[in-house]
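Open the model in your viewer and keep the selection tool at hand. The stops below say what to select next and what is there.

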Amino acid sequence: QVQLVESGGGLVQAGTSLRLSCAASERPFSSYAMGWFHQAPGKEREFVAAISWSGDNTYYADSVKGRFTISRDNAKNTVYLQMNSLKPEDTAVYYCAASRTTYASGSYYRNLYGYDYWGQGTQVTVSS
């Protein structure tokens, strides 16, 4: 059972940046593809970004492409989401997720059902 713990959320103004972190309890962390999703009040959980086990492949939702960057440090069992130029519509709870499916297409990792483990989430609020 992988435990995922997100951190780094908070209240910020539009146009600023935040970096989310997700620490995993499981070793080897590198055996999991990782993803970030967000969920705004009254809405479904949506894909934000994903990264392959090696870090060689990354995938982004169109709404965050060019503003957000996903990365991972397998030595630290941690995945990051650098969020720049934040907008009020980025306000949501952000969830980290781990997928045991090591080799898959980008469309697979964009689907929340492709993930086996989830963190508790961290709130990001962007004021205008």
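## Stop 1: Aromatic pairs

Tyrosine 32 and tyrosine 117 are both buried. Select these two first, bearing in mind that the model is predicted. Their ring centres lie 6.2 Å apart and the planes meet at 80 degrees, so the pair is edge-to-face. Angles over 60 degrees are put in that class. Tyrosine 32 sits in the loop between S3 and strand S4 (33-39), while tyrosine 117 belongs to strand S10, so the contact ties together parts of the chain 85 residues apart in sequence.

Next, select tyrosine 59 and tyrosine 109. This aromatic pair is tilted, with 6.1 Å from centre to centre and 40 degrees between the planes. Tyrosine 59 is in strand S6 and tyrosine 109 in helix H1, so the pair joins parts that are 50 residues apart in sequence. Tyrosine 59 has a relative accessible area of 16% and is therefore buried, the cut-off being under 20%. Tyrosine 109 is buried as well, at 1%.

Now widen the selection to Phe37, Phe47, Tyr59, Tyr108, Tyr109, Tyr115 and Trp118, which form one aromatic cluster. In total, the structure holds nine aromatic pairs.

## Stop 2: The disulfide

Which cysteines form a disulfide? Select cysteine 22 and cysteine 96, whose sulfur atoms are 2.0 Å apart. Cysteine 22 lies in strand S3 (residues 18-24) and cysteine 96 in strand S9, so the bond ties together parts 74 residues apart in sequence. Look along the S-S bond: the torsion is about -75 degrees, so the disulfide is left-handed. Colour by accessibility and cysteine 22 comes out buried at 0%. Cysteine 96 is also buried, with a relative accessible area of 0%. A search of the whole structure finds one disulfide.

## Stop 3: Salt bridges

How many salt bridges does a search of the whole structure find? There are three, and each can be selected in turn.

- Select arginine 67 and aspartate 90. The closest N and O atoms of this salt bridge are 2.8 Å apart. The pair links distant parts of the chain, 23 residues apart: arginine 67 is in the loop between strand S6 (58-60) and S7, and aspartate 90 is in the loop between S8 and S9. Both arginine 67 and aspartate 90 are buried.
- Select aspartate 116 and arginine 100. Their side chains meet in a salt bridge at 3.3 Å, N to O. Aspartate 116 is in the loop between helix H1 (106-109) and strand S10 (117-118), and arginine 100 is in the loop between S9 and H1, so placed that the pair links distant parts of the chain, 16 residues apart. Aspartate 116 has a relative accessible area of 32% and is partly exposed, whereas arginine 100 is exposed at 51%.
- Select lysine 65 and aspartate 62. The closest N and O atoms in this salt bridge are 3.3 Å apart. Aspartate 62 counts as exposed, at 67% relative accessibility.

## Stop 4: The largest pocket

What volume does the largest pocket have? The value is about 160 Å³. Colour the lining by class to see two nonpolar, three polar and seven charged residues.

## Stop 5: Two positive phi angles

Select asparagine 77, in the loop between strand S7 (68-73) and strand S8 (78-83). Phi of asparagine 77 is near 55 degrees, a positive value in a residue other than glycine. Is asparagine 77 buried or exposed? At 5% relative accessibility, asparagine 77 counts as buried.

Finish at serine 85, which is placed in the loop between S8 and strand S9 (92-99). Serine 85 is a residue other than glycine with a positive phi, here near 50 degrees. Its relative accessibility is 40%, so serine 85 counts as partly exposed.

Definitions and conventions
Residues numbered from 1 in each chain as written. Predicted model: local features only at pLDDT ≥ 70, side-chain atom pairs only at ≥ 80, totals over all residues. Heavy atoms only, no water. 1 Å grid on protein atoms, 1.4 Å probe; cavity = no way out; pocket = protein on both sides within 12 Å on 5 of 7 lines; lining within 4 Å. Points joined across faces, edges and corners; volume = space filled by probe spheres on them. Nonpolar A, V, L, I, M, F, W, Y, C, P; charged D, E, K, R; others polar. Helix = DSSP H or I, 4+ residues; strand = E, 2+ residues; numbered from the N terminus. Buried < 20%, exposed > 50% of the residue type's maximum accessible area, 1.4 Å probe, protein only. Disulfide = S-S within 2.5 Å. Salt bridge = Lys/Arg side-chain N within 4 Å of Asp/Glu carboxyl O. Phe/Tyr/Trp six-rings, centres within 6.5 Å; stacked < 30°, edge-to-face > 60°.
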